Amino acid sequence: KDFRNNVKPNWCPGCGDFSVQASIQRAAANVGLDPENLAVVSGIGCSGRISGYINSYGFHGIHGRSLPIAQGLKMANRDLTVIASGGDGDGFAIGLGHTIHAIRRNVDITYIVMDNQIYGLTKGQTSPRSSSGFKTKSTPQGSIEPALAPMEMALTAGATFVAQSFSSDLKELTALIEAGLNHKGFSLINVFSPCVTYNKINTYDWFKENLTKLADVEGYDPSNRGQAMNVLMEKEGLVTGLIYQNSEQPSYQELVAGYSDEPLNSHELKLDDETFGGLLKEFM
Ligand code: SF4
């Protein structure tokens, strides 16, 4: 199945988000999805454009709100595979509350964050993922705040699938998105996706020098949450691969099934006078 469409992305040449787009398209095809069974929801930011660049249903939402929309979509139509996406500002600043609660709720969606450690769309301000000392127009003397640690945060919030990858590693990123799509529950995939225009510190070369692949860590066991936390702290979060997965915990969909077997999309839409007309009269 072809998940490419004919919309030409207007990201800057070299932006890490191109690889995320390609990886989603490959992963969706590899797990056997059909375009009409996939919905990609995004927030605001350069990364937010991604929902228009994939041959699937797309919903470009508002800032920090891709997760409420994605969760509602999944609950209303449980046959859909739902990917939520956005940048680090979208998911870890304005949308952080939604991120934490979506994680602990374990709704069966895949959340892909394009983490470039800066606000690119608004031309380069410090984000919650910028390192301390990071100089931008909004912190000309260097940021005095430490960066948020999203992977450690997700583990603490009870995440059942936590992974991290790098735009330069298409093979690993595609495999992790496939694993996230196959995971029955909420999967968080943070992608180091360099902003080549505004972030001159966290470049492709910088990541290549500083990242450790978990596949190269001897004895690493992604089912061990304690080990996951230890390795993240030891490597200051600069790892890629499957960090943690718990396949035993039931998803929100499975738990809610006992209360509501019929999602909205299985109900007959009645536009007769009795139901629709009655509703309208209430508002007149
Ligand atoms: Fe990508 Fe940065 Fe350009 Fe935005 S400003 S499209 S994040 S390179």
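Student: How many helices and strands are there in the chain?

Tutor: This is a predicted model, in which local features need pLDDT of at least 70, side-chain atom pairs count only at pLDDT 80 or more, and totals for chains, interfaces and linings use all residues. Residues are numbered from 1 along each chain as its sequence is written. Helices (H or I, at least four residues) and strands (E, at least two) are DSSP runs, numbered from the N terminus. Counted in this way, the chain has 10 helices and eight strands.

Student: Which radius of gyration does the chain have?

Tutor: The radius is taken over C-alpha atoms, and the globule rule is 2.2 Å times the number of residues to the power 0.38. For 284 residues, a compact globule would come near 19 Å, and the chain agrees with this, at 20 Å.

Student: In what order do the strands form the sheet, and which strands stand at the edges?

Tutor: Two strands pair if DSSP finds at least two bridges between them. The eight strands form an open sheet with mixed pairing, in the order E2-E1-E3-E4-E6-E5-E8-E7. Each edge strand has a single partner strand, so one side of each is left without a neighbour in the sheet; these strands are E2 and E7 (212-213).

Student: Which residue in E3 stands opposite Val40?

Tutor: E1 runs parallel to strand E3 (residues 81-87), and five bridges join them. Within this pairing, Leu38 stands opposite Thr81. Opposite Val40 stands Ile83.

Student: In E2, which residue is the bridge partner of Ala39?

Tutor: E1 also pairs with strand E2 (residues 57-60), in the parallel sense and over four bridges. The bridge partner of Ala39 there is Tyr57.

Student: How many residues of strand E1 are buried?

Tutor: A residue is buried if 20 or more other C-beta atoms, placed from the backbone, lie within 10 Å of its own, exposed if 12 or fewer, and partly exposed in between. Both faces of E1 are covered, with Leu38, Val40 and Ser42 buried on one side and Ala39 and Val41 on the other. E1 (residues 38-42) is therefore largely enclosed by the rest of the structure, its buried residues being five of the five.

Student: How many residues are in the largest nonpolar core?

Tutor: A nonpolar core is a set of buried Ala, Val, Leu, Ile, Met, Phe, Trp, Tyr and Cys residues joined through C-beta atoms within 7 Å. Tyr111, Ala159, Val162, Phe186, Leu188, Val191 and Ile243 touch the most other members of the largest core, whose residues number 50.
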